[in-house]
Amino acid sequence: MKKILIAGCTQEISSFNPVTCKYDFFDISRGNEIYKFNKGLNTYIGGVIEEIEKTQNMHPVFTYNAQGHAAGILEHTSFLKISNELINSIEEHKGKVDGVYISLHGSMATTEELDPEGFILEEIRKILGQDIPLVISLDLHGVLTTKMLENCDGVTSLHTYPHIDFADTGKRAFKMLKKIMNQKVKPLCARVRIPTLVRGEELITEKGIFGKQIKYAKSLNSNNKILSAGFFIGNPFTDVPELCSQSYVFSDNDIELASQSALKMANDFWPNRKKMQAKLINIKKSVELGSKMEGTIAYTDAADAPSSGALGDSNAIISEMIQQNYPHSILSTLLDPKAAKFAHQKGQGSQITIPVGGAFDQRFKPLNLEWKVISISNEPFMLEKWGFLQTPGLTAVLKSGNLTIVVTSNPVMQVDRSIYLVNKLNPKDFHSVIVKSPHCEPEFYDNWVKKNFNVDAPGATSANVSSLGHKNCQRPMFPMEKNSKFSPKVEIYRK
Ligand SMILES: [Zn+2]
């Protein structure tokens, strides 16, 4: 019986979020809890479990999984605590396991370490040695670094945006690991880095230009000499030295095949860089237009997306609506622990006066209004399609005039409508809804709203990439440097 060690540490951060995050931003599971929390779910580890259970003579060894909520930069002391716990949990199995799968995101950064995933893999190698097969999975927004490639035998990454193939990506990682272990394939990686950051509609794999890129990467996987292929667009908000877009192909020791395939992907991507920028509308203009339209209208506030690492406390769009005496009903969320706590103290049905919004990010001015507490709650909930539990903490639905706000104590992902639905609010009942996520699956909003404005609001995860103020990433970089050049260079990694 061969033993497969399973561990993980996933988080994506925004370097432009002014609030650092700590250890308690992570849901930690240990040993068989990892099985319990992932079995049957659309998560990377859920996919690995499904695949390993179909495989004879292989047995999972669950160790440690730290699943971080997207947030600001991780405090280094917290990272050290997590990485020590992870390493210690692996150390117990030294010499007793035959293969390793590590679930990572690829867009972490700490206050002192700009390649935390590379650090973790290097530490794992120090314990388990260079020879044990080790495969990782990453998000499509991951920053694949040299140190990561030097310390693993294989990589798989998401092939969808908006992301839906978490379990599938875990399955592909496990299958690659199995090939390395059983068929003795010799993984060789070719990658090409492209000095470009991208954002916007064209990255939606179902219908955008980038989808063709991914289709090609997926088609490579049908060649039995190819072990894994994909494309990273990096998380534009993780401001680290190796942030960029990149293609990668793992072949079974075929340098020509891997190089040519990775090169083709990079060369196909580069001419589309201008099209793959977000098309945004000025806040004032969007509110002016929306006020004259029939609802429901979605206002996408990607600049304050908790799923990308923002706090969710921006009231920039609401403030503009108030300024313009917006004549319709408005639904939004806002992170504000103080206001949520106060509403809980006063109770459902009470009238309260408390500032809401701009609780952390000084860019935003709190809304000083009188509110009716419509409901209070404190229940964790599951996202509609993703297998991730959200813990909003003390939550209150507050109403003031035409404004209804779900006030939470913790940031919650808004990749779907779940934050509204669990609070008995249906976006369809409102004229306007603010959606703090760059993209949602079409059935959540796009399929039925009259209009979806992609608003150019200020914030830690603005799709207006040039406005963010990168300090660490390599330059020149498009779109910050409009005339940056690209001389494709294939980098090869192998043991
Ligand atoms: Zn992602």
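Trainee: Which strands does helix H7 lie across, and how does H7 run relative to S8?

Mentor: Helix H7, residues 209-220, lies across S8 and S9 and runs at about 170° to S8. That angle is taken between N-to-C directions, on a scale from 0 to 180 degrees, using axes fitted to C-alpha atoms (for helices, over the stretch in contact). The names come from DSSP runs numbered from the N terminus, where a helix is H or I over at least four residues and a strand is E over at least two. Please keep in mind that this is a predicted model, in which local features need pLDDT of at least 70 and side-chain atom pairs count only at pLDDT 80 or more, while totals for chains, interfaces and linings use all residues. Residues are numbered from 1 along each chain as its sequence is written.

Trainee: Why are S8 and S21 called edge strands?

Mentor: The open sheet has four antiparallel strands in the order S8-S9-S7-S21. Strand S8 (226-232) and strand S21 (490-494) each pair on one side only, and they are therefore its edges. Neighbouring strands of this sheet are turned by 15° against each other on average, with direction ignored.

Trainee: Why is Glu113 called partly exposed?

Mentor: A residue is buried if 20 or more other C-beta atoms, placed from the backbone, lie within 10 Å of its own, exposed if 12 or fewer do, and partly exposed in between. Glu113 has 18 such atoms within 10 Å, so it is partly exposed. Glu113 sits in the loop between strand S4 (99-104) and helix H4 (116-128). Leaving aside residues up to four places away in sequence, Glu113 touches His76, Phe79 and Phe119, where contact means C-beta atoms, placed from the backbone, within 7 Å.

Trainee: How do you know that S12 is mostly covered?

Mentor: Six of the six residues in S12 (330-335) are buried. Ile330, Ser332 and Leu334 lie on one side and Leu331, Thr333 and Leu335 on the other, so both faces are covered.

Trainee: How do you know which strands S12 pairs with?

Mentor: S12 has six bridges to strand S18 (residues 403-408), in the parallel sense, and there Leu334 stands opposite Val407. With strand S19 (residues 432-435) S12 has two bridges, also parallel, so the cut-off is reached there; Ile330 has Ser432 as its bridge partner in S19.

Technical notes: Contact = placed C-beta atoms within 7 Å.
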